[in-house]
Amino acid sequence: MTDHDHPAGRRAVCRRRRCAALIAAGVLLPLPALAGCSEDAREASVAASQDIAPAPRSALKNGGTLRWAVDAMPGTLNAFQSDADATTARIAGAVLPSMFTIDASGRPQRNADYLDAADISTRDPKQVVTYKINPKARWSNGTAITAADFIAQWTALRGKDNAYWTARNAGYDRIGKVEQGANAHEVKVTFARPYADWRSLFTPLYPKNVMGSANAFNEGAREQLKVGAGPFLVQKRDTEEGRVVLVRNPRWWGEPAKLKRIVLQSLPGDKRAEALAEGSVDVAAVDQIAAKRVASARRPASSGSPRTPAEGNAGPQSNGNRAGAKAAAAETSALRGYTIRKALEPAYTQLALNGSSGPLADDRVRRAVARALDRQALADTVLKPLDLPSKPLGSHLLMAGQYGYADHSDALGDQDAGAAKALLADAGWKSDGADHQQAGEKAGAPAPDGYPDEDGDEPSDERYAGDRYDDESDESDEDRPDGDSDDRNPARAGRAHAGAPGRGDRPAAAEAPLSFTGAVGSEVQQSALLRQSASFYKQAAASEKADADGDTGSAAYAKYRRYKMRAAEALGAAELIETGQGPQLPGSGGHPGARHAAVERAADAAAAPQPADGKTSRVAAVKKNGKPLTLRFVLPDGAGSEQLRTVGRRIASMLGKIGVQTSLQRVSDASYFQDHIAGGDYDLALYSWPGTAYPATDARPIYAKPQPAPDGSLTVEQNYTRVGTDHIDQLFDQAASELDEGAAHTLVAQADARIWAAAGSIPLYQRPELVATKKSLANVGAFGFATPRFQDIGYQK
């Protein structure tokens, strides 16, 4: 996924985990099976932790240019500065030494291109690590890589010299000294305090002419790297064109790069689908909409009913539409040149509970919220449409499939509404009355699979209580003019009385344009919703026709005709979806991205039908001192955040079932992280953390107990939930100092269990990683945890 995950505040200052949180993105549209893939092959791909089209070097051409979309131009080329980002890390991986790389299971592996050996040579009285540098390794200026480079990097990053504007010194601050060993190619690193994650150090390694002076560190390596030591070198950083050009390193001693050039092109996530259609990029992380466009284009024209023009098989066209059909055909032809690589990304989406103040400062309330969640249903919502494993993530510190992973969620407990209500009651939050059902009452209808109504242009403060939409209005249908009835009001759409709808009793979304549905769930759900809506329209039409009693000039007869037409539209839209053509929105020009944007804008107008008996299950709100428990749920408002909003609405519905109300507030992507998450201005929020091979080091700031600062504020590091304990801190410290790998894993597991019990953050699911690549490319795609091997990427012969 792009990090078209809008990395709000993303900073690559701790390897993968070094950054600020990521906003998970993507929409809930299923990805059709790729044409030509056997079921067995597909299942094998899904089971893998990465999907990169592996191929031996002998099968690849020598030469070629790879155009690779990145989120933005690098803020700096120095990975140890605060404005380093994902592009910085990618460039560093291609042009600088890495002492250890990460394999697909998230374990560090010695990089033989740079090291002949690296081991703990002494444990007592001090930990000593001895590195033996590959004698062939040298910088692009011809000088050898030696102990002097290690010494310079430690001096710059140890945190003793404030002249160096470093973003972190984790690990380097534990080193007592770095010195040359038996010769210039041997380095001895003596630790003042034991350090379990020593393999994380000196990656990337910069030359001593960058690390040797504060000025070179602070300014010299920001916009250029004159010297490198990887299979590629930085040739040009072109800010006007928004690209960084990497070229083969002529002094590279390892297996030569297959590609001649790699062009890293700055391309926002919402522009990537267009770039793919133009064929202007070769590799791009994409959201699910763009992935679906690629997959749809690859379906054979004979695989079903004729496609819409946007899907590449327009069928007969009038003269006026020939130009559009020609453009659509060209787009489809371009998209057929790509394939979608998919895997579970080493990153997870969590529900964050702000424990600094308010009801969530009470750990009983936090645990109640956590135990109301059906995490399996939330994982299914996001991952099942992609045919990816949808088991909820059971750890804050390790990803599924990663070495040492275990599910510790039992430290909190499974979903249990009864236990959640008991926890709330123990904290003083009780309902005024028993849960009940009311028949014939006007209430917001539950959407499929428990969704509340989709939010198009709703007020910024909407409340959900169970499956009921509470617009805090007692105005009835009869109190409004006929032209302003429920069926025209998005906040009231879908309200009906028991029995067949008639005059004053509207079917769900009676005036909604039924060539679309709310952007919730899979196409199967959308189709079912449309068919249900068609049934309601038929009932409404029959009722109005009876009221008209043959008077074709009456208002009732006009409604009968309108409802009959709507029923036909709904049924036709359902059939389009079922035949693989998808919803077509009026005024969208057939463009899939425009269709989806229109779906999002108009979703409120397509509310779900009422249950046939008109009964709505309601849970009384829990109260304390007469005040209901209402939590402010902050969600990003951008076009790339549909998935988060859908998941957020599902969570709101789940909380409503234990009497907890949620006030959903949509804010701009630009302010979401900095102003709300980092600023602590929320009760509930959704954001993601990347996984790491070094959890004892990288995860500690995320879960460290906030400490009071001299000015009275809290120093939270990256713990934006403000929930932490001394015991968790102690376990992290012990794990970071434990040199026995098994014992270190045990301590990490204990820390994870404690984090679960504190209920400040609840992991929901690993995010999907979707990457569009040219079909002819190999050894590139959804890498998962694995470090890219840039010299092996290339075009197949």
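This is a chat about a few parts of the predicted model shown above.

Reader: Hi! What should I know before I start looking around?

Author: It's a predicted model, so local features need pLDDT of at least 70 and side-chain atom pairs count only at pLDDT 80 or more, while totals for chains, interfaces and linings use all residues. Residues are numbered from 1 along each chain as its sequence is written, and side-chain values use heavy atoms, with hydrogens and water left out.

Reader: Okay, sheets. In what order do the four strands of the open sheet come?

Author: The order is β4-β5-β7-β6, with antiparallel pairing. Strands here are DSSP runs of E with at least two residues, helices are runs of H or I with at least four, and both are numbered from the N terminus. Two strands pair if DSSP finds at least two bridges between them.

Reader: And which strands stand at the edges?

Author: β4 (115-122) and β6 (175-180) do. Each has a single partner strand, so one side of each has no neighbour in the sheet.

Reader: How many bridges join β6 and β7?

Author: Five, in the antiparallel sense, with β7 covering residues 186-191. As one example, Q180 has V187 of β7 as its bridge partner.

Reader: Which helix packs on that sheet?

Author: Helix α3, residues 147-157, touching β5 (128-133), β6 and β7. Contact means heavy atoms within 4.5 Å. The direction of α3 makes about 160° with that of β6; axes are lines fitted to C-alpha atoms, for helices over the stretch in contact, and angles run from 0 to 180 degrees between N-to-C directions.

Reader: What's in the loop between β4 and β5?

Author: Q127 is found there.

Reader: Is Q127 buried or exposed?

Author: Q127 is buried, at a relative accessible area of 2%. Buried means under 20%, exposed over 50% and partly exposed in between, using a 1.4 Å probe and protein chains only.

Reader: What does the side chain of Q127 reach?

Author: The backbone nitrogen of Y195, at 2.6 Å. A polar contact is a pair of N or O atoms within 3.5 Å; within protein, one must be able to donate a hydrogen and the other to accept it, and residues adjacent in sequence count only if both atoms are side-chain atoms. Not counting residues up to four places away in sequence, Q127 also touches several others, including V189, W198 and L739.

Reader: New topic: how many aromatic pairs are in the whole structure?

Author: The search finds 19. In W252 and W253, the ring centres are 4.6 Å apart and the planes are at 40°, so that pair is tilted. Rings of Phe, Tyr and Trp (its six-membered ring) pair if their centres lie within 6.5 Å; planes under 30 degrees apart count as stacked, over 60 as edge-to-face and the rest as tilted.

Reader: Are W252 and W253 buried or exposed?

Author: W252 is buried at 10% relative accessible area, and W253 is buried at 17%.

Reader: What about β21, how many of its residues are buried?

Author: Six of seven, in residues 661-667, so β21 is largely enclosed by the rest of the structure. β21 pairs with β20 (residues 630-636) in the parallel sense over seven bridges, and L635 stands opposite R666 in β21.

Reader: Last one: where is R364?

Author: In helix α9, residues 363-371. R364 is partly exposed, at 26% relative accessible area, and a polar contact of 2.8 Å joins its side chain to that of D362. R364 and A758 are 394 residues apart in sequence, yet their C-alpha atoms are 9.3 Å apart in space.
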